[in-house]
Amino acid sequence: MNYDAVVVGAGVLGLSTAYHIKLENPAEKVLLIDKNPGPGQGNSGKSAECFRNIFYSEINTLLADTSIDFFFHVQYEKGFDLGIRKVGYLFLTAEEELKLFKKEHIKKGQVKVYEREDLKKLLKLNLNVEKDKEAQMLNLKNIQKGFQIIKAGYLSVSKLIEFYESEFKRLGGETLYRTKVKKLLMKPKEELNIIGEPHIWQDAEVVGVETEKGKIYAKKTIVATGAWSNTLLHPVGLETYMNPKKRQLFVLKAKTKELKDLLYSKGFNKEGILPFTILPKPLIWMRATMEENTFWIGCADEIGRSFKLEDDPKPEKYFYIYGIRPVLEKYFPQFTNQEPLNMWAGQYAVNSYDGCPIVYEESGVIYLTSATDRGIQISPSLGKIASAVYFGEEYAELFGGRKFKVSDVGIRKRKIEYELVL
Ligand SMILES: Cc1cc2nc3c(=O)[nH]c(=O)nc-3n(C[C@H](O)[C@H](O)[C@H](O)COP(=O)(O)OP(=O)(O)OC[C@H]3O[C@@H](n4cnc5c(N)ncnc54)[C@H](O)[C@@H]3O)c2cc1C
């Protein structure tokens, strides 16, 4: 089988790349492969589905902002329902200021500030935890302010995946599911049929993939395998700059009146629900899901949580009971003694060096990953950048017309600010 491009990995990043290549030139013969029975069944299907347009690094801000404009375009102009809920992103902070925000964000109305009295009234939470002996043991700090990013919320990832896949197929793209790529095929540019090729004196490149069902050749091979990238790139001597780390999500039903009142908190957005909310250190987050009357709760633990690839990571209930719950209850007594109804775990593909995504081309391979906690919300822009790399362009035109120098997220000429982990 011969293709112009073979894209390995049908998560949001592979799907978006495959879609953008076909959109740019429908004549390209593109194949999208995944080991799972369908698209989005890797880590994309396990996310909290949230988006926000402000990050510490300008590049992440640009990637997210243009991607969100793309989501709005798909839903409000193209009429494809992505299940968008513009609920906002609320940081409850123990400081008067948060490095993430600049004064202009507030002046321009991109961020709304809440004082302690507002928060108390709207959320009925406990702002003054420091006087509590147990809270002192937990190193908790009083909440001083709330900062809400306005262009933020959540969407339905399954609908986003459906959009990417259906558009890709409509443009003539092909998919091959239930097919594991065993390795990348490497050949010398000029084959001499000598045993052991490619030899050190030959120019070699990746010419496609070997799957469980046979070999597939392509002019370019795009590796968008997220957390699994080391398994394909390391054997051919290519770097990933990424390590996988487990992340968990716990679902709690809003069973009591107090929890329902919190879920349907008024005063933050038109939807009349709690924004995606982040507490002070250890940065527990929660998302109110009005479609199912639940809270999705998680926390990205760092030191002590190993980097390792897990095909089917398991959620740890004790992580909620002994890690998250004691903290959550101190700020939000509404959660006292509540247990998760459901839980799951996935993996982030983490770039610990600068916290920003990577797209680079080398030896016939285009690789994109390290979206860490934000692959969903930057997938349109990252896919567009990977497509520009595929077509050999210096700049990618992101949604809305903003230009992006693709080498800025590459390796050799990388020009990126460190992303602040909050
Ligand atoms: C708990 C949790 C919460 C998150 N919350 C958010 C959030 O709120 N907002 C946000 O933007 N992001 C969030 N993320 C991050 C987001 O989910 C990821 O950044 C994103 O899904 C990465 O997409 P991907 O396409 O790179 O990877 P994946 O979706 O994992 O896709 C990779 C695909 O490659 C396939 N594959 C791997 N190896 C092979 C092989 N050898 N052969 C064939 N196929 C292969 C896999 O089956 C998989 O389908 C969260 C992640 C987790 C785990």
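Predicted model: local features only at pLDDT ≥ 70, side-chain atom pairs only at ≥ 80, totals over all residues.
View 1. G11, G42, G226, G346 and G375 come nearest of the 42 residues around the ligand. Two or more shell residues are given by each of α1 (12–24), β12 (243–253), β16 (342–350) and α10. The most is given by β16, with four residues. Sorted by class, the shell holds 17 nonpolar, 17 polar and eight charged residues.

**View 2. V8 and V359 in the largest nonpolar core.** In soluble globular proteins, nonpolar side chains tend to be buried together. The largest nonpolar core has 116 residues, of which V8 and V359 touch the most other members. Helix α10 gives the most to this core, namely eight residues. At least three core residues are drawn from each of domain 1 and domain 2.

**View 3. The contacts of V8.** With neighbours within four places in sequence left aside, V8 is in contact with G14, I33, V181 and V209, among others. The contacts of V8 also include the residues T221, I222, V223, A224 and T225, as well as L232.

**View 4. Helix α2 and its packing partners.** Helix α2 (residues 58–77) comprises 20 residues and reaches 27 Å from its first C-alpha to its last, close to the 28 Å expected at 1.5 Å a residue. Its buried residues include I59, L63, I68, F70, F71 and V74, and also N60, D65 and T66. The buried residues of α2 pack against β3 (50–52), α6 (157–170) and α10 (375–390). Just after α2, G79 adopts a positive phi of about 80°.

Technical notes: Residues numbered from 1 in each chain as written. Expected span 1.5 Å × (residues − 1). Buried ≥ 20, exposed ≤ 12 C-beta atoms within 10 Å, placed from the backbone. Contact = placed C-beta atoms within 7 Å. Near = placed C-beta within 6 Å. Nonpolar A, V, L, I, M, F, W, Y, C, P; charged D, E, K, R; others polar. Core = buried A, V, L, I, M, F, W, Y, C linked by C-beta atoms within 7 Å. Domains from an automatic or database assignment.
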